[in-house]
Amino acid sequence: MNITPQKNNQAWNRWVLYLYWLIAGLILLAGLFFHLLANKLTENQSEAIFLPTIIVSTAAFTVALLVAEFALRYIKPYMDFVLITLGFVFAIVIMMTFGPLINGLYIALDIPIVVSILYFSRSRLWFASAMTLSCFFILYSFVETLRQQIMVYDLFTIIGMIIGTTFIGQMIIHRGVELLTALERAVRSEVEAFADSVAVENQSKYDHLTGLTNYTTFQDYLVSLIDQHERYGLPLCLAVMDLDNFKTINDTYGHYEGDLVLREIAKVLLASISSEDVVVRYGGEEFVLILTGKTMNDNLQLLEQIRIQVSELSLESINNHQITVSIGVIEYRRGMGKDNLFKSADSLMYEAKRKGKNRIQALWNGVMNNETNVSESLTEIK
């Protein structure tokens, strides 16, 4: 992550332009105020000449701002410098308009320097300082109005003011960059800490080998879903699935290849279930599926599809050895509880293994209690 002062210059340019429009409006109001005040305080109307000056100044401001608006849209890379230069134009117009009435208005020459500080850029600050000094002395040499209101000794004050403001701006930028750097470090540390916490949380929720939900998280999910079923009667089925003869695969081809088989099974399960279902690696080669929102018939069709897809897996790493699974599935009944639900599904899975493996054993439309005999009310699918 990288925080830089100039990332948001486009937004700053728009705000600076808004500020210039505001200044132009305030200058127009101030000019009209002085014009009216001068007419009331003097018997002769010699001050009325001030009105045309106000109109000319306002027109100059408006033209300059319209040019800046155009530049903001079409000369974006150099807009910072355009606005800094526009600040100098404002300063000169202010001095030319109100200089005869108010002393010390050369302080307006700090406008471009102050604007440059907003960009937190030393290059823009020094540009503003050099441009202001050089352009002011060029105008001072040729514009009589400026020479009339600014004495020679005032020139030293102006030079000192511009240089002093520049050095103050330099310190502000330096301190601002330090704060931004510290903020960047803090944000980076916080992001890294958040990433670490997410990684730890993921490790605690998911099985590292298959990426499936792990045993601990399964328990939490199941409790929550059973609670929803008890309250709202939402459909809920639990299926326990175990790979047949998985020990043979490990003994024959090695545990590394066995892990590859588990990953392939996990891919089949994740690709088969809906977003409302949860698939869990319960442990070893045993998987659990929490199926919600579907009828038992729909769940049986889904599990049969999974059984067929697994049996059709062809893995060269184990010489295309056929992989099969035995599945036990049960529909949750009110009051059954988490432990009875899992024990019943697990018993059904072992019943499927006893009956020849590679099949689904299901219990449904039956009453379940603590003494349920899984050999009764069974539906066998193969």
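Student: How far apart are the end C-alpha atoms of helix α5?
Tutor: Helices here are DSSP runs of H or I with at least four residues, strands are runs of E with at least two, and both are numbered from the N terminus. The expected span of a helix is 1.5 Å times one less than its number of residues, so the 21 residues of α5 (residues 122-142) should span 30 Å. That agrees with the model, where the end C-alpha atoms are separated by 31 Å.

Student: What kind of model is this, and which pLDDT do local features need?
Tutor: It is a predicted model, in which residues are numbered from 1 along each chain as its sequence is written, and side-chain values use heavy atoms, with hydrogens and water left out. Side-chain atom pairs count only at pLDDT 80 or more, totals for chains, interfaces and linings use all residues, and local features need a pLDDT of at least 70.

Student: Leaving aside neighbours within four places in sequence, which residues is L125 in contact with?
Tutor: Contact means heavy atoms within 4.5 Å. P112 is 13 residues from L125 in sequence, with 8.7 Å between their C-alpha atoms. With neighbours within four places set aside, the contacts of L125 are I113, S116, I117, T166, G169, Q170 and I173.

Student: At what angle do helix α3 and α5 pack?
Tutor: Axes are lines fitted to C-alpha atoms, for helices over the stretch in contact, and angles run from 0 to 180 degrees between N-to-C directions. On that basis the axes of α3 (residues 79-98) and α5 lie 10 Å apart, and the packing angle is about 35 degrees.

Student: How do the residues of the contact of α3 with α5 divide into nonpolar, polar and charged?
Tutor: The contact draws on residues including F81, F88 and M95 of α3, and R124, M131 and F136 of α5. Ala, Val, Leu, Ile, Met, Phe, Trp, Tyr, Cys and Pro count as nonpolar, Asp, Glu, Lys and Arg as charged, and the others, Gly among them, as polar. The division is 11 nonpolar, two polar and two charged.

Student: Where does F120 lie, given its positive phi?
Tutor: Most residues other than glycine have a negative phi. F120 has a phi near 50 degrees, and it is partly exposed because its relative accessible area is 28%. Its place is the loop between α4 (111-117) and α5.

Student: What is the phi of K357?
Tutor: K357 lies in the loop between α12 (338-354) and β5 (360-363), and it counts as partly exposed because its relative accessibility is 28%. Although K357 is not a glycine, its phi is positive, at about 70 degrees.

Student: What separates the C-alpha atoms of F167 and W126?
Tutor: F167 belongs to helix α7 (residues 152-205), and it counts as partly exposed because its relative accessibility is 47%. F167 and W126 are 41 residues apart along the chain, and the separation of their C-alpha atoms is 9.6 Å.

Student: How much of the chain do buried residues make up?
Tutor: The chain has 12 helices and six strands. Of its 382 residues, the buried share is 42%.

Definitions and conventions: Buried < 20%, exposed > 50% of the residue type's maximum accessible area, 1.4 Å probe, protein only.
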